[in-house]
Amino acid sequence: MTAALPVQKPVRTKLVALVGNPNTGKSTLFSALTGVHQRIGNYPGVTVERRSGRLRQSDPGAAVEIVDLPGTYSLGVHQEDEAIVLDVLLARAGNQRAPDLIVSVVDASNLRRNLFLTTQILELERPVIVVLNMTDVAISAGTQVDVAGLSAELGVPVIPTVATRQIGIEDLVQAINRTGSAEAVKHCQSFPDCVCAELDGLCSSIHCRVGSDNGHRAEAMQTLLAPGGYHELRVIQRCGIGMAEELAERRGRIQAAGESVVEVEARVRYAWIDRVLDRVVTRTKPLRRARTEQADRVLTHPLVGVLVLLVVMALGFQAIYSWAAPLMDGIDGAISGLGAVVSGAVPAGALRSLLVDGMIAGVGAVLVFLPQIVILFLFIAVLEDCGYMARAAFLLDRWMNLFGLTGKSFIPLLSSFACAVPGIMATRTIESRRDRFATILVAPLMSCSARLPVYVLLIGAFIPAAPLLGGVINLQAVTLLSMYFVGSLVAIPVALILKRTVLKGPAQSFLMELPTYKWPSFRTVFHRAYQQAREFCKSAGTIIFAVAIVVWALGYYPRPASIAAQFAAQRSAAQQAHAERVTALQSAQGVSAEAANAMDRASPSQGFEPELARVQSECAEELGRIDRDESGAYLRQSVLGRIGHWIEPAVTPLGWDWRIGMAALASFPAREVVIATIGTIYNLGDDQDESSVGLREKLQAATWPDGRPVFGVAVALSVMVFFALCCQCGATLATIKRETKSWRWPIFTFVYMTALAYAGAFLVFQVASRLVG
Amino acid sequence: MNKTPNSGAESLEFLKRGQTATVAYIAAAESTAKRLADIGFVRGAAVTVLRPGRPCLVRIGPTCVGLGLALQRCVVVTA
């Protein structure tokens with residue numbers, strides 16, 4: 001071998017982390033830097049979303065990957081999704097390596113609060129760029145920032161941007177490409193000597209105990225100065241219980257020296273920030289905060305504010321239902337069309353049934369809700385982005401306290417009206433574990449959009465549209481509204497009982513920053529709605545797809561030859577009878593035609609053509625009936641049908657027959673499939689949707705073996721209440737498991753909601769059947 | 001008005017609308033005190049009550065914060 005050839009080193013992707021407070025336009029900036037090519041994953045072991053993407057215009061040969069970290073106010077925190085920030089920056093999150101460059105995004109109109117996190121980041125001894133975002137908001141509010149001055153004070157590049165209008169993005173891209181890993185800053189706040197001594201001591205102690213890649217000064221600080229916090233817990237876990245005692249001793253010495261352990265960090269940092277801001281910020285007019293405070297005089301008023309909130313909510317929900325309707329009809333039409341096309345292209349048999357009845361009808365029944373979900377998320381994203389959501393939480397805190405919850409429970413519960421899955425994920429902002437779990441456990445009681453089709457079908461079929469209050473509203477609308485309230489009303493005692501028993505403890509006191517009002521950024525809002533839509537489609541494509549196939553298979557198999565033979569015989573008998581009737585008609589026609597000729601009349605016998613058409617349509621009807629009876633017979637002896645008969649005694653007290661019981665049972669994995677299941681079970685071929693007159697009439701005509709109708713007002717109400725209260729959603733249970741990290745809570749939720757649904761349906765049926773018969 | 005730091009001390013709960021006071025200390029468990037401190041509730045900070053109540057709305061530094069009753073009682077201020 002000769003001298004080593006110059007080995008082409010693989011180009012190392014530069015890893016850039018975006019860090020900042022919530023509401024600083026970080027997500028908008030991320031989109032501006034990466035374009036549409038984003039990847040969303042999870043950090044190993046935790047449920048925090050990891051969003052990353054390629055920088056759009058990196059230098060040739062130097063790939064740059066950008067990671068958008070969750071918004072946080074500080075590195076020392078109590079919530080998991082905030083704690084991940086320090087973990088990522090120090091390469092503690094699984095197999096991730098530490099970022100080569102940290103981009104700290106600050107809101108120029110709220111610099112004091114935002115620079116707190118930045119000063120913590122500057123102490124990580126890594127290359128840092130500070131992005132001064134929302135400079136337009138700051139300038140219009142009368143805040144002029146001396147960018148060069150700020151850069152000199154911080155010791156790192158400062159790039160002013162307006163991410164929503166793409167201003168400054170080019171400069172930022174250049175700065176990201178230019179800043180190398182050699183340009184690590186060394187910037188430390190001057191903490192009191194007693195604190196520094198203990199910090200140094202703690203660092204070397206952690207080094208000794210668990211090795212030198214541990215014990216970073218920043219982590220040591222968040223361990224020492226944030227008692228009871230996430231990082232303290234983690235360091236004790238890693239170093240052993242002796243560390244707890246050591247921490248207590250060190251904190252004792254700091255207190256003895258006259259310092260406050262919990263206050264010292266905030267005091268030192270804010271003092272430094274105030275000095276810097278004095279030098280670099282000039283005010284051209286009084287703070288715009290005055291406008292926010294003026295608006296808050298009305299919007300946070302305990303009475304007027306709540307009224308405004310109610311109006312906003314009413315308008316939002318109105319929009320969800322009225323705007324979504326045409327889109328839902330469109331999707332519905334497209335799915336039926338697809339089903340028809342596939343039916344035409346695939347020969348009859350198991351494959352066609354699987355494709356049309358299983359996959360297309362099953363997944364289609366779910367995709368229909370996409371418009372409602374997108375509009376609801378647009379609505380929530382607008383309220384969040386403009387700063388109103390925090391006010392809603394503030395206003396409702398004392399009301400939520402009455403039920404043992406907190407104001408922060410409001411946003412998750414509101415989201416659960418679209419879908420409990422994002423609602424449960426939104427509970428992460430609630431710090432207290434008990435409050436958070438109580439919110440998670442009642443969230444599935446909110447009437448999600450998947451329950452709507454059941455209500456629409458049954459109300460249309462069994463509740464008369466009688467006008468009430470002089471025609472302002474009708475009985476059907478009142479019933480629909482009541483169904484929406486049933487879940488929310490039941491949630492109140494459930495939350496109260498939970499907070500008195502398994503999750504005992506008072507609601508944690510409210511603490512929330514209310515951001516300055518601003519116009520929502522449409523980019524951010526649409527981006528969020530798009531992501532939700534994508535998640536929803538993904539779940540429709542996986543879980544619901546699988547459930548649809550399983551339900552289909554249980555209802556399709558086994559298919560004994562005896563049934564096929566029996567109905568084939570019926571069919572040929574019917575065809576034979578038809579052929580005979582046609583022959584008889586024709587011969588009668590022949591006779592009458594001869595007679596007509598004999599009588600020298602020009603016109604053929606009257607009534608022959610319509611008579612033939614009538615016979616033919618009767619035959620088609622007869623064959624159709626045989627087809628339906630055949631699929632009914634198959635269903636009855638299918639696995640699904642056998643279980644249905646087996647559970648019939650259990651559902652009779654609710655007023656249900658085995659078919660309703662079976663439809664309810666089959667929709668436990670995902671309640672969205674119930675319409676398709678009812679359709680199959682009622683012998684109709686199952687691409688029925690809720691507005692289908694066929695299905696509605698079939699339900700009205702369904703009878704018990706003794707001839708009494710199955711459905712009446714009482715049964716319809718009983719079914720609706722069951723669906724309103726039952727946790728028929730595998731995705732929700734899986735999300736609860738993920739968020740609570742235990743099977744205990746999803747099982748608990750499932751059991752209590754099923755019991756509640758059964759009891760509710762029983763009560764409603766028994767009362768209603770006595771009242772209305 | 002009494003100007004000595006200790007005798008005029010009261011909790012944030014008793015301030016009226018529009019009143020401004022200075023944070024004297026935080027009387028709370030350490031983890032709560034740390035949360036309040038990071039938002040800006042540190043000794044010497046000026047706090048203005050925008051709307052008293054449960055929760056109340058206060059301005060601390062440039063930030064508006066909603067505070068529940070239990071946390072209001074933790075913040076001891078002097079006029």
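**Figure 1. Antiparallel pairing of β12(A) with strand β5 (residues 63–67) of chain B**. In this predicted model, four bridges join the two strands, which run antiparallel. Met512(A) has Gly66(B), in β5(B), as its bridge partner.

**Figure 2. The side of chain A that touches chain B.** Contacts link 31 residues of chain A with 28 residues of chain B. On chain A, at least two residues each come from α3 (111–122), α11 (264–280), α12 (289–299), α16 (388–402) and β12 (511–514). The most is given by β12(A), with four residues. By residue class, this side of chain A divides into 14 nonpolar, seven polar and 10 charged residues. For the complex, the predictor gives an ipTM of 0.90 and a pTM of 0.74.

**Figure 3. The fold of chain B.** Chain B contains two helices and six strands, and along the sequence these follow the pattern β-β-α-β-β-β-α-β. The chain is as compact as a globular protein of its length, because its radius of gyration of 11 Å is close to the 12 Å that the globule rule gives for 79 residues. Along the principal axes, the C-alpha atoms of chain B fill a box of roughly 30 × 25 × 20 Å. Buried residues make up 44% of the 79 in chain B. Among the contacts in chain B with a separation of 6 or more, 56% are between residues 24 or more positions apart.

**Figure 4. Confidence along chain B.** The average pLDDT of chain B is 85, and 91% of the residues score at least 70. Strand β3 (residues 46–51) of chain B has the highest confidence, at a mean of 94, and helix α1 (residues 30–39) of chain B the lowest, at 83. Residues 1–6 of chain B have a pLDDT below 50; this stretch has five contacts in the model beyond near neighbours in sequence.

Figure 5. Is Lys698(A) buried or partly exposed? Lys698(A) has 19 other C-beta atoms within 10 Å, so the residue counts as partly exposed; a buried residue would need 20 or more. Ala461(A) is 237 residues from Lys698(A) along the chain, and the C-alpha atoms of the two are separated by 9.6 Å.

Definitions and conventions. Residues are numbered from 1 along each chain as its sequence is written. Chains are lettered from A and ligands numbered from 1 in the order in which they are written. This is a predicted model: local features need pLDDT of at least 70, side-chain atom pairs count only at pLDDT 80 or more; totals for chains, interfaces and linings use all residues. A residue is buried if 20 or more other C-beta atoms lie within 10 Å of its own, exposed if 12 or fewer, and partly exposed in between; C-beta atoms are placed from the backbone. pLDDT is the predictor's confidence in each residue, from 0 to 100. Two residues are in contact if their C-beta atoms, placed from the backbone, lie within 7 Å. The radius of gyration is taken over C-alpha atoms; the globule rule is 2.2 Å times the number of residues to the power 0.38. Ala, Val, Leu, Ile, Met, Phe, Trp, Tyr, Cys and Pro count as nonpolar, Asp, Glu, Lys and Arg as charged, and the others, Gly among them, as polar. Two strands pair if DSSP finds at least two bridges between them.
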